[in-house]
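Open the model in a viewer with both the cartoon and the sequence panel in view. The stops below are given in the order in which to select them.

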Amino acid sequence: MSLLQVENLRVELGGAPVLQDVSLRVASGQIVGVIGESGSGKSMTALAVMQLLPPGARCTGQVALKGQDMLALTERQLCRMRGRDVGIVFQEPMTALNPLQTIGQQVAETILIHEIVSRAEAMARAARTLERVELQVPPTRYPHELSGGQRQRVCIAMAIALRPELLIADEPTTALDVTTQKGVLDLLKQLVAEDGMGLLLISHDLGVVADMADQIVIMQRGQVVETGRFCDLRHSYSKALLAASDHVPDRTGAGSEAPLLQLRDVVRDYPTPRKGWLGKPGRFRAVDRVSFEIRRGENLGLVGESGCGKSTLTRAILGLEAVQEGTILLGGQPVYDGQRANRSIRRRMQMVFQDPYSSFNPRHRVGRLVSEPFHLLETAPQGVEKERVIAEALESVGLQAADRHKFIHEFSGGQRQRIALARALIIRPDLIVLDEAVSALDVQVRAQMLDLLADLGDRFGLTYLFISHDLSVVRNVTDRVVVMRAGRIVEEGKTGEVFENPKNIYTKQLLATIPRLPENA
Amino acid sequence: MRRNLILGTGLSAMFAGAALLSFFWVPFDIGALDIANKIKPPSGAHWLGTDHFGRDILSMIMVGGRTSIAVALVAVGIGMGLGVPLGLAAAVQRGGWLDEGIMRANDLIFAFPSLLIAIMITAVFGASAVNAIIAIGIFNIPVFARLTRGAALGLWTRDFVLAARVAGKGAVRISCEHILPNLVNLLIVQGTIQFSLGILAEAGLSYVGLGAQPPVPSWGRMLADSQTMISFAPHMALSPGLAILLTVLGLNLMGDGLRDLLDPRLQRGQR
């Protein structure tokens, strides 16, 4: 008998079906991966299993855990079950913990709710559980003292404290760096093997799930498209997802010899708070003697974990902040001279941000948003000419000229990134900095966006600086790659060579974390 | 949601209209005392009754509304006009000298009980409606400055502000084009709250004799005058009390409605 058995599950929200005919099974000791793009209903499935659906949801069908029908249970019975028989780990470890309690207390809480034990005993068991998840810090620490990966381990400890028979992990590694991601996935795998739990692993990333899951469930628009082992996936949608996750866009130009952007020994220090009343403010060196150059028409990848100084460096390149030492030259001229940024240089650079939701002022219409960089021009186009340029920019990224009258909330994430690209393109810059510009997108949308970037790069002779932690994307779109760690560049070279034959030990570690799709897919 | 806006605007418009109408016409002259008819309950001639000098309470409410509404309106205007720019300026560089200077000055004002400051101002400049406006207005400045700064600090970290900086825009322009429009809904809500508090503060100041001076009526003064007679003439306290209550309610409803109306994200469902 399966541990979890979902048959013909149907969930309606406000009368509209969000899940239809969903069936899946998880056996003890088995890992089932649920894959789908955003809005495919994968998280809703997890919530339906836990019976934690939002108010107003109507749920029909069958959800059986250990033969017990979850839909027939009362809220009281469900509460007894949640945490004891089913544990759940959510995506965002930064907000999943209470900042006012120590991690030991939070794990112990799960135990105290379900079992009649003394507080001391619960704390002792919590400490043991934290050891099991290989957390190297004492249970008396507070969440803010921990890194993202460590917090996610605490969340896992809370979920497995009572050794539940089913663990649901909803995008457990999406918010983490690649190196941390691998550690967390290995831990989950190990826990499943030790405890004989069933694991329902939900992810948008086929690569993450493919090497661990025994069974894969592919979902699309609230329905299960296909269920099976990874190598048996046959459905056209599954294949499309697979192809998109490793998409290589066509590009012609590989760059000329002339350097466009040159960095020489760039140093960026931040002051840290004074120690005591009379102490001197300290310094934190975020970027330490970084030198590299980008040739005209080239795609350069800048790779590193969060906190390595990528974003600081980007701000310096764009002339938003002064550097303490070294020079940054664009086309031979400094981007920041003396006290101010050099406007004539600045108009040759633009940027696309990671988060398609926060990078637009929600109160402006698209036409105004897209034309914002006109501010950099001496004589900005006016009237009819302005309308024409806006229309052209929107059309060049595959949107319609009429879209300029809409507000940003009327667009999907992928469309917003296109608008962001239109905003960057409108003043025809030489260099576009893409800061994780495709990381938040679904694989298929991401593939389209990469094609668009390649196409526009060829058409307008653009140079891209591609900042990302997603190594498989970097491999497929860049000519050269620079690897950064703790403010320094540790390796630099042609993308193919660095990926095939990394010299630096950190680069090797980084490359080892790329989730690989099993051969013969 | 539209219902709030209509109801709130209707209530506010009714009191504002009555106050405006009083410039041209009132049922009875409030300067004329009619001791023979003092403390009469509501009747056909005097809809809301008469007070202890025999003045028509309806006329008093209409004329008194002029003072109450004007004081609150100007006081909110002072608070917003000075507080919002100060808050925006403080948010530009968190922890900078400007931020510290503005916020510590704010703390200083907050540290004084508002009534005490009002007493100080009236002690120096004399008790009048104008001085009440100034006293209430000064207390609105830190409220708006603090609210603006807090919300603006959050907005400064958003990517669209970074995008504006990449487009070469300076701090002043970003504050006006990107920060301020995104604070509008907060400011409207806080504005209506401060407006209602302003009416109540004026009532309070007049109640202790520091606001509008006789014979100029205000809702607060009317409440104060009726206090000693509340046991045998409750209608005298009820009318100004209800006027304050309904105006404040109307303004709050209107504020909520306006906030929703001005948010482009909420417009689509209504269209």
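Select H2 and H5 of chain B: H2(B) passes H5(B) in a right-handed crossing, a crossing being right-handed if the near helix is turned clockwise from the far one by less than a right angle, and left-handed if anticlockwise. The residues of this contact divide into 25 nonpolar, 7 polar and 2 charged; Ala, Val, Leu, Ile, Met, Phe, Trp, Tyr, Cys and Pro count as nonpolar, Asp, Glu, Lys and Arg as charged, and the others, Gly among them, as polar. Helix H2 covers residues 57–92 and helix H5 residues 129–156 of chain B, and they pack at about 35 degrees with their axes 5 Å apart. Axes are lines fitted to C-alpha atoms, for helices over the stretch in contact, and angles run from 0 to 180 degrees between N-to-C directions. Helices (H or I, at least four residues) and strands (E, at least two) are DSSP runs, numbered from the N terminus.

The model is predicted: local features need pLDDT of at least 70, side-chain atom pairs count only at pLDDT 80 or more, and totals for chains, interfaces and linings use all residues. Residues are numbered from 1 along each chain as its sequence is written, and chains are lettered from A and ligands numbered from 1 in the order in which they are written.

**Chain B as a whole**

Now select all of chain B. The chain has 10 helices and 0 strands, and its C-alpha trace spans about 75 × 50 × 30 Å along the principal axes. Of its 271 residues, 45% count as buried (20 or more other C-beta atoms within 10 Å of the residue's own; exposed means 12 or fewer, partly exposed in between, with C-beta atoms placed from the backbone). Among contacts in chain B with a separation of 6 or more, 71% join residues 24 or more positions apart; a contact has C-beta atoms, placed from the backbone, within 7 Å.

An unreviewed UniProt entry lists "transmembrane region" at residues 6–28, 69–92, 112–139, 183–210 and 230–251 of chain B. UniProt positions follow the numbering used here, feature names are shortened, and annotations may be inferred rather than shown by experiment. Select residues 69–92 of chain B: the span is 100% helix, with end C-alpha atoms 34 Å apart. Residues 230–251 of chain B are 82% helix and 0% strand, with 28 Å between the end C-alpha atoms.

**Where the chains meet**

Show both chains: 20 residues of chain A are in contact with 16 residues of chain B. On the side of chain A, helix H10 (343–346) and strand S18 (349–352) each supply at least two residues. By class, that side has 9 nonpolar, 6 polar and 5 charged residues.

UniProt (unreviewed entry) places "domain: ABC transporter" at residues 4–246 and 261–511 of chain A. Residues 4–246 of chain A are 36% helix and 26% strand.

Select the open sheet of 6 strands, in the order S6-S7-S8-S3-S9-S10 of chain A, with mixed pairing. Two strands pair if DSSP finds at least two bridges between them. Strand S6 (86–89) and strand S10 (223–228) of chain A are the edges, and the twist averages 15 degrees from one strand to the next. Helix H8 (residues 236–245) of chain A packs on the sheet, touching S9 (215–220) and S10, and its direction makes about 95 degrees with that of S9(A). S7(A) and S8(A) (residues 198–203) run parallel, joined by 5 bridges; zoom in to find Leu167(A) with its bridge partner Leu199(A).

**Strand S21 and its neighbours**

Is strand S21 of chain A (residues 480–485) enclosed or open? S21(A) is largely enclosed by the rest of the structure, because 5 of its 6 residues are buried. Strand S13 (residues 299–303) of chain A runs parallel to S21(A), with 4 bridges, and Val303(A) stands opposite Val483(A). Strand S22 (residues 488–494) of chain A pairs with S21(A) in the antiparallel sense over 6 bridges, where Val483(A) has Glu491(A) as bridge partner. The hairpin of S21(A) and S22(A) has 2 residues between the strands, and Ala486(A) there takes a positive phi near 45 degrees.

**Two arginines in loops**

Most residues other than glycine have a negative phi. Select Arg163(A), where phi is positive, near 50 degrees, in the loop between helix H5 (148–160) and strand S7 (166–170) of chain A. Last, go to Arg428(A), with a positive phi of about 50 degrees, in the loop between helix H13 (413–425) and strand S19 (431–435) of chain A.

Notes
Contact = placed C-beta atoms within 7 Å.
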